[in-house]
Every structure is written in C-alpha cells, then in structure tokens.
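Please look over the structure shown here.

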Amino acid sequence: MMLGLVAFVMVLIWLATIWLFRHHFDEVGKAIIEDDLLEYTALYEQQGGKAVLALFEAGGHGQHAQGFRLIDASGKDLINRPIPPQQTDDWPVFPTDIKPDESGIAWLRRSLGKGKVITVGRLQLPGSEELWFARTNDDDIAALSRVNLLLFFALVFSAVLAVGPVVWFASRVLRPVRLLIDDARRIAREPSLGLRIRPPDAIPELRNFSETFNESLDRVQALTEELEAANDQLAHELRTPLARIRGNIEGILKSKEVSPEALDLAARSIEEITRSSSIIRDILSIRSGDSGAMRLNLEAVDLEHLVRETVDLYSASAEERGLRLEVQVEANSGTQYIDRQRVQQAICNLLDNAIAYTPENGKIEIQLSSDKGASVIRVRDTGPGLSEEDEERIWRRFVRGSAASASNPGIGLGLSLVRAVANAHHGKVGAVNRREGGSEFWIRLPHSPAFSKDE
Amino acid sequence: MNLLLVEDDAELARQLVAELGRDEWRVSVECNGKEGLTAAKGGRWDLLILDVSLPGMSGVDLVSSLRSENFRTPVLFLSAKGEVHDRVLGLSRGGDDYLTKPFAMDELRARIEALLRRSSLDQPSPRSLPEGWELDSLQRYVIVRGHPVPLQPREWSLLKLFLDHEGSVLTNSFLLDQVWGIHFDPGTNVVNATLCRLRRKLDEPDHPSYFETIRGRGHVFRRHA
C-alpha cells in the first residue's frame with residue numbers, strides 16, 4: 001500500500017520531468033535555428049554566400065545534425081548542405097498555408113519516427129532568396145537519455161530515503177499495535193476470561209497500556225468469579241429452604257386425615273415450588289451465560305437427531321392445539337460438540353413459545369441448515385409476529401413480547417436462556433418477522449474446531 | 001435395608017428420616033463430611049445418600065475417597081447445585097445418581113428403589129405382570145389376553161418404568177429423566193400425553209385405569225384389585 005503510493009509518486013515525478021525537458025529542448029532547438037538564420041542573413045548581405053558556407057562548415061554543423069540551404073527566387077539551390085546521411089533533394093516541402101512568425105521565419109516539424117524530429121526554419125531574404133536551416137533533435141535525445149539515467153538514480157535514492165522510515169515505522173510501531181489489536185479481539189470473542197494481552201517489549205507506552213488493560217481484565221475476572229460463587233451461594237440458600245418447605249407440604253399430601261380442600265392447597269403449593277425452582281435454575285443459567293461463566297458439558301451430538309427428538313416432545317401438545325409441526329432438514333453437518341441438555345432446552349423454549357403464540361390451525365416449521373461453518377436452527381410460526389421494538393427487547397430477562405397475554409404463562413426468561421445458551425456456544429440468536437406473516441426465531445451454533453471437548 | 005444419610009441441614013434430614021423410615025428402611029444420619037466418611041467405612045450399607053455441599057469434606061470428595069478404596073455401595077447425591085456440569089461431575093466421581101433440591105420425596109424413593117434393584121441384580125426377580133399380560137420385548141408388544149398391542153419406543157420405556165415401580169408414585173421429572181433423558185422442564189405436558197396414549201392402548205373397559213395421576217405428586221401404576 002505504502003510502497004505502491006511511493007512508486008506511483010516517483011513515476012509521476014519522472015514523467016513530468018521528462019516532459020518538461022523535452023519541451024524545453026524543443027524551445028532551445030528553435031532558438032538555435034532562429035539565431036543561425038539571423039546571423040547567416042546578416043553575413044550573406046555583407047559578404048555573400050561563400051562566407052556563409054564557410055561559417056557553416058567551420059561551425060561543424062554537419063556533425064551536430066544540422067543542415068543549411070540557400071535558394072534563389074526560382075527555387076534553385078545556391079548552397080545545399082542537408083543533414084547527413086540525407087541527400088541534397090531530401091529537404092521537406094513547406095505546405096503553402098504556413099505563414100512566417102513575427103521574425104519572418106516559417107517553421108516546419110517532421111517526425112522521423114522513434115521520437116526523432118527534424119525542425120526546419122525558412123527566412124525570406126530582402127533579395128527574394130530563401131535561407132533554410134534544419135536541425136534534428138539527435139543531441140536532445142542523447143542529452144535526454146543521460147537525464148533519464150541520472151533521474152532514475154536520483155529517484156531510487158530518494159525513494160529509499162522516503163520509504164525507509166515508513167518500513168521502520170511499520171515494523172517497529174505498527175506491527176506491535178496490530179498484534180495488540182489481534183489479542184484484544186481474541187479476548188473479546190473468547191467467553192472465558194483467562195486470556196490476556198501479550199505486552200509488546202518494543203514500545204514502553206504500549207507495554208504500559210497492555211499492563212493496565214490486563215489489570216482491568218484481572219479485576220473483571222475476579223468479579224466474575226465472585227459473582228459465580230455468589231450465584232452458587234444464592235442457589236444453595238434458596239433451594240435448601242424450598243426443599244424443606246416442599247418436604248413438609250408433601251407430608252400434608254400424604255396424610256390420610258386431611259380435607260380435600262387442604263389437599264388441593266397443598267398440591268397447588270407443590271406446583272408453585274416446582275415453578276420457583278425452575279425459575280431459580282433459569283436465572284442462574286442465564287446469568288452464567290451472559291457473564292461468560294456458563295460451563296458447558298460438551299458431547300458429540302447429531303443435531304438432526306436432537307432436533308427431531310425435541311420436536312417429538314411437542315407433537316402431543318401441538319396436536320392438542322390443532323397445530324402442525326414440520327421438520328425440514330436442509331443440511332446436517334454430522335455430529336457437533338455441544339451441550340446437549342442446554343441446546344435441547346433452547347430449542348424447547350423456542351418451540352414452547354411458537355406453540356403458545358400460534359393460533360389454531362397454524363403451522364410451525366423447524367428447519368436445520370448449515371451456513372458458513374455453523375448449524376442454524378430456525379423455528380417459524382404463523383402467529384402474530386413481532387412488533388419492531390420486540391426484535392431486540394424480547395431477548396432480555398423478564399421481558400415478554402407485545403403479543404404476550406395473561407393466558408400465556410411465562411415470566412419472560414425463555415428467550416434470555418436461549419440467548420445465553422447460544423452465547424456460551426459462541427453462537428448467535430435472532431428474531432425476524434416473516435414476509436408471509438408470523439415470526440422466525442433462529443439459533444446459530446458454529447462448529448468451530450477450536451471448540452473441543454477439553455475446553 | 002440400611003441407608004446412610006449425610007446431610008448437614010437438620011430439618012431436611014429430619015424429613016428424610018421420617019419419610020424413608022416408612023419403607024422399612026433403617027436410616028442413619030451424619031451431618032458432616034468427615035464423620036460421614038468414617039461411618040461409611042465402618043458399617044454395612046445398602047445405599048449412601050450424600051449432600052454435595054457438606055462441612056468438613058464435600059460429598060463428591062467423600063465418594064472419590066470411598067471409590068479409591070474399592071467401596072462399591074451405590075451412592076445418591078442430593079445437591080442444591082442443579083447445573084449440568086455439577087451433575088456430570090458428581091456422576092463421574094463415582095456417584096450413581098444425582099437429585100437436585102428441592103425434590104419430591106416420591107422421586108427420591110423411586111431413585112433409591114432403582115439403585116437398590118440395580119445393586120441386587122445377581123438374583124433378578126421375574127417381573128410380575130397384571131393378569132393376562134405378556135411382554136414381547138423384541139417387538140415392543142404388550143400381549144393383553146392374546147391380543148398384541150404395539151407400543152412406540154417411549155411408550156414402551158414408560159410402561160417398563162411403571163412396571164418396575166409398581167405401586168410407587170413417579171414424578172414428572174423422574175419420568176422425563178428416565179424415559180426422555182432430559183433434566184429440565186420442557187414446558188409441555190409430554191409425560192401426560194404419552195400416558196394418555198398408554199391408557200388408550202392398555203386400559204380395559206369397566207375397569208379403573210392402570211395409571212393413576214395424583215395431583216401434586218405424580219403418577220402411579222396399580223393393577224386391578
């Protein structure tokens with residue numbers, strides 16, 4: 001990139017210089033011809049043709065690729081010295097429409113090929129004779145090629161001077177910066193908090209920055225670990241009393257001397273305890289997924305098998321509600337290392353939602369496909385779809401979509417759990433409205449080779 | 001049957017002793033890990049029930065230590081930690097089953113029964129069946145008075161589970177775990193739906209259903225009186 005720019009500028013400088021030189025040489029060539037014509041005219045009028053010829057010969061003009069001619073009014077040659085190796089009758093013919101300039105000289109340029117040009121100046125003398133003077137640019141071309149050579153060395157030299165610091169900058173400064181960015185990106189992608197930036201030795205400022213960055217990562221990791229420990233504590237603290245309450249209520253359920261009303265109340269309480277404990281579990285799972293602390297139990301799973309098995313769980317309740325369930329497998333990339341329980345729970349939550357929100361006679365499609373190194377599971381329904389603000393909002397904890405109603409049970413944890421599971425698998429989730437009505441929810445699970453069992 | 005319970009929560013331990021004592025099981029209680037280990041080594045037990053988070057020594061470490069000394073008694077973990085990896089850790093260190101708090105006593109009893117049956121497999125008792133029933137395990141048929149009734153794989157597993165635990169109340173979460181292999185609430189009544197199909201296929205007219213559902217507890221299989 002940088003080198004290309006430098007080369008481009010160098011070529012530009014070279015072309016401009018050559019053009020300027022060429023132009024300048026043309027001007028100088030014309031000035032030589034004009035000078036000689038005027039000098040010869042003066043000499044001719046004072047001393048005649050012989051003196052002019054003597055001057056021309058003495059000047060060695062023949063070797064400098066110059067020619068000279070004197071003709072009388074009838075066009076007959078009085079003197080004729082063409083540029084060797086041309087013959088005496090090789091002089092170009094002036095077209096009739098060429099007018100002389102303010103010095104009385106008419107000009108003619110002919111290309112001889114390969115950049116070689118002959119320039120002829122013609123001056124009308126007072127005695128109606130004509131003086132011609134011709135010159136080729138052979139000398140100019142030779143001079144130009146020397147200029148070219150010098151210019152080449154000059155440009156190469158200055159290019160080295162100009163690019164050297166750039167190369168030095170790139171290797172000493174930019175490369176460590178780039179490595180630093182790569183490290184930071186890897187840390188951002190990696191769900192575990194164990195990675196750190198490798199501080200570059202070369203640049204003290206960057207080293208300081210990396211160390212500070214790593215220190216803040218240490219703090220984030222410590223906080224996360226503390227949070228995880230607190231979660232475990234919370235789970236313990238809540239589950240144990242729930243277990244005690246449950247034990248006592250079950251005692252009522254099994255007692256033979258209890259009224260039917262009391263039995264009913266006890267059964268309801270048990271149901272609520274079951275619900276509370278699954279809420280506790282979901283909240284803890286979501287929190288661990290969001291903070292990157294979710295520990296996965298990875299095993300080789302055939303996703304198609306898992307999807308079909310999961311859909312099978314819902315066939316009865318779909319039938320009950322008059323819904324059609326359809327599985328489409330577009331591509332199955334074989335077995336994949338995932339946490340079977342969690343992914344199944346994520347699919348369950350999507351299916352459960354789809355069934356809850358799709359009106360009777362609707363259809364729910366579950367599609368498994370493969371896309372750029374990832375498996376994608378899509379659940380499409382023919383329900384009311386999502387409002388625009390829903391698409392982002394519904395993934396948050398305790399948020400229910402705008403189509404939720406009192407008749408649909410749930411406290412808005414299902415989709416957050418789906419997202420947490422996907423995040424823990426380095427995957428993604430999303431929801432869109434379908435053009436033909438209803439919504440589509442998808443989970444993307446990359447089959448990354450780095451994602452091995454010992455992670 | 002002698003059961004050793006190691007549980008630091010006194011209230012839960014009291015409930016467990018009261019509940020399990022009804023089944024002619026003798027339950028001894030220890031309330032910390034180290035004493036639990038001593039008791040486990042010092043007695044003859046048919047089953048250990050261990051809380052995972054114990055003072056002194058965790059339930060998981062306790063089992064690791066026992067297993068390293070070739071101690072074969074089945075172990076059931078009780079834990080307030082319900083994550084998959086907690087369960088996997090417990091089972092990989094030598095536990096035979098894992099139950100998350102809060103749990104139903106019925107489920108605990110069903111799991112204890114299953115573990116005790118598994119450890120006494122040297123003399124398997126022939127499965128007793130309702131009158132007029134035969135099982136064709138190869139084709140998954142129940143032959144009811146000479147008529148073969150074909151069952152789906154899940155229906156088959158569910159029925160066998162009920163036959164193994166005849167008369168015991170089986171909770172939804174136990175059935176989901178044993179028949180479907182899932183440890184979370186899928187939000188759909190898959191157990192009830194499958195039970196409905198079993199009832200349609202197997203129940204006989206003019207008789208109460210073999211499968212009774214008890215609200216708040218679960219389902220129980222009983223043959224006709």
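The report takes the cysteines, then a helix pair in chain A, then a helix in chain B.

This is a predicted model: local features need pLDDT of at least 70, side-chain atom pairs count only at pLDDT 80 or more, and totals for chains, interfaces and linings use all residues. Residues are numbered from 1 along each chain as its sequence is written, chains are lettered from A and ligands numbered from 1 in the order in which they are written, and side-chain values use heavy atoms, with hydrogens and water left out.

Over all chains there are zero disulfides (cysteine sulfur pairs within 2.5 Å). A:Cys348 is in none, and its nearest cysteine sulfur, on B:Cys196, is 20 Å away.

| Cysteine | Relative accessibility | Class |
|---|---|---|
| A:Cys348 | 0% | buried |
| B:Cys31 | 44% | partly exposed |

In chain A, the axes of helix H5 (residues 260-290) and helix H9 (residues 414-424) come within 8 Å and cross at roughly 40°. Axes are lines fitted to C-alpha atoms over the stretch in contact, with angles from 0 to 180 degrees between N-to-C directions. Helices are DSSP runs (H or I, at least four residues), as are strands (E, at least two), numbered from the N terminus. Contact (heavy atoms within 4.5 Å) involves A:Ile286 of H5(A) and A:Leu417 of H9(A), among others.

In chain B, helix H3 (residues 59-68) buries residues including B:Val60, B:Leu62 and B:Leu66. Their cover includes helix H2 (33-42) and strand S3 (47-51) of chain B. Just after H3(B), B:Asn70 has a positive phi of about 65°.

How values were computed: Buried means under 20% relative accessible area, exposed over 50%, partly exposed in between (1.4 Å probe, protein chains only).
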